[in-house]
Amino acid sequence: MIKFVNVTKIYEPDTTVLENISFEIKQGEFVSFVGKSGAGKTTLLRLLLGMEKPTTGEVFFQNTNIKDADDLTLQQIRRKIGGIYQDYKLLNTKTVYENVAYILAVEGKENFEIDREVPKVLEIIGLGDKMNNFPAELSGGEQQRLAIARALVNHPEVIVADEPTGNLDPYNTHEVITLLEKINKTGRTVILSTHDRDVINKLGKRVITIEDGRIIRDEENGKFII
Amino acid sequence: MSNFSRVLNFALTDFARNKGVSIATIFVLVVTISLVSGLFFFRGFTNYLIFGLQDKMDITAYFKDEVTEEEILAVKDEITGLSADIKDVQYISKEKALEDFEEKHKDNDVYTKALQEVGANPFLPSLSIKTSGDPEQYEEISNILQSGQYSQLIDSVDFTQKKDTIEKVYEITKNVNLFGYILSAILIIIAVLVVYNTTKLAVDTSKDEIGTMKLVGASNWFIRGPFVVQGAIFGIIAFVICIILSTATVYLLSPKLGLIMPGFSLADYFISNLWVVILIQLGFGAGLGMLTSYFVVKKYLKN
């Protein structure tokens, strides 16, 4: 489903962030990328979303080479990938309801579908009573749950979570990871990037370890070893 | 719900939520549009002054006493067709010249007595010629009239006496025009920069959101649309305020300006140029608002 082939990313003039990275992620897998801050995890996800282009090598999403994808193809790929980020990346001038509804509006869904789906997702995520609040009026945990609701509402094929627990306390961290596991059980691919040792060791899923822009380990039922 | 009505809905919601930014942007637009509108009225005012001055400038070709009216009118027709710059050629007969003189000096005994002493009508029939004001044109016409086929009919042309005045008036009108153009160019550049930067400030507050919208797969049009529509809303509101302000200003100033400048009616100028005023105000408000929003968001979409 997702394939990186000999990917190298160099930022001008000579900062190599990723070096000759190759791996493949199959549909329905739960893969964690681990590594120290600055190891290149976020760049890897940005390459997958087409926010960056590899200096050399190819990135494929469902056999589409992202490097060659035009604007329309990129938009379609991004709609198939639900993103959860450490800084939440919420639309701060929109309400909780509108943040989630925006994703469906982007896909051109009808209003009645939006009115049906959004409250449902917000109820599941525990934000049913905060629909008219703005992100700034939510706690950190609530903001991350809103980001998750937004990532899930259009049933994307892949969930990309970049340090989703970075700003959360242990209780909220556990909640988010449990939710990601549940999502994975529904058959969706989950890509988690983190440097949280406990999270990885409890998961017992595939772990790809990155150090200085290189893959140094790729193990099924992997552990956090750096 | 179509995408367009969604975009419109987003724009209206953002407009209502960001009241501070919206009011500030509209205020700047009102100031800018008023500035440009003021410039338009200023140009109308200076053009009136220039035309007034140019209209008073002419050269007169005096014909010999024995030349018949038919011959003079034939010359008039020929001169009128000489150049597109010749604005007006007026025939003044001997009788009309005397009549005008008497009317002009009816309260002055010296002139009346002098005329009586002369006994007969001392005036010559003439053609009064007006051009667009360029001294060179006057000189050229004067030369044509005093040489070749016309020289036998013409007694004299008063270009030499009027040359200095014509040159001074031409210089003044040229400088007023040049000053008007330079002032217009500077103010329009300032207006465009002010509107651009105000729009940029309004869009800047949503810079991060634009990045997020891209990340979730929104099309460029879906992201840009609400900002462009908001630019139009700002512009239309600013236009409405400005047209009301302009009408009120014209209503209040027109009678006073009429006292300073007899013959110039600001109200008439405003009414006869209403469509131009509307076009300028809408163009600067909505047009520029939309265009600058488009380009500012485009810049962020590239990042």
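In this predicted model, helix H1 (residues 3-17) of chain B packs against helix H9 (residues 220-260) of chain B at an angle of about 55°, and their axes lie 8 Å apart. H1(B) is therefore oblique to H9(B). The crossing of H1(B) past H9(B) is right-handed. On the side of H1(B), the contact is formed by Asn3(B), Val7(B), Leu8(B), Phe10(B), Ala11(B), Asp14(B) and Phe15(B). H9(B) contributes Phe222(B), Gly225(B), Pro226(B), Val229(B), Gln230(B) and Ile233(B). Classified by residue type, the contact of H1(B) with H9(B) comprises 9 nonpolar, 3 polar and 1 charged residues.

The domain assignment of chain B gives two entries, listed below with their residue ranges.

| Domain | Residues |
|---|---|
| Domain 1 of chain B | residues 3-53 + 171-302 |
| Domain 2 of chain B | residues 58-132 |

Taken over C-alpha atoms, the centres of domain 1 of chain B and domain 2 of chain B are separated by 52 Å.

A strand pairing is described for chain A. Strand E9 (residues 206-211) of chain A and strand E10 (residues 214-219) of chain A run antiparallel and are joined by 5 bridges. One bridge pairs Glu211(A) with Arg214(A) in E10(A). E9(A) and E10(A) form a hairpin, with 2 residues between the strands. Within the turn, Asp212(A) has a positive phi of about 50°.

Note on methods: Residues are numbered from 1 along each chain as its sequence is written. Chains are lettered from A and ligands numbered from 1 in the order in which they are written. This is a predicted model: local features need pLDDT of at least 70, side-chain atom pairs count only at pLDDT 80 or more; totals for chains, interfaces and linings use all residues. Domain bounds come from an automatic or database domain assignment. Two strands pair if DSSP finds at least two bridges between them. Helices (H or I, at least four residues) and strands (E, at least two) are DSSP runs, numbered from the N terminus. Axes are lines fitted to C-alpha atoms, for helices over the stretch in contact, and angles run from 0 to 180 degrees between N-to-C directions. Angles under 35 degrees count as roughly parallel, over 145 as roughly antiparallel, 65 to 115 as roughly perpendicular and the rest as oblique. A crossing is left-handed if the near helix is turned anticlockwise from the far one by less than a right angle, and right-handed if clockwise. Two residues are in contact if their C-beta atoms, placed from the backbone, lie within 7 Å. Ala, Val, Leu, Ile, Met, Phe, Trp, Tyr, Cys and Pro count as nonpolar, Asp, Glu, Lys and Arg as charged, and the others, Gly among them, as polar.
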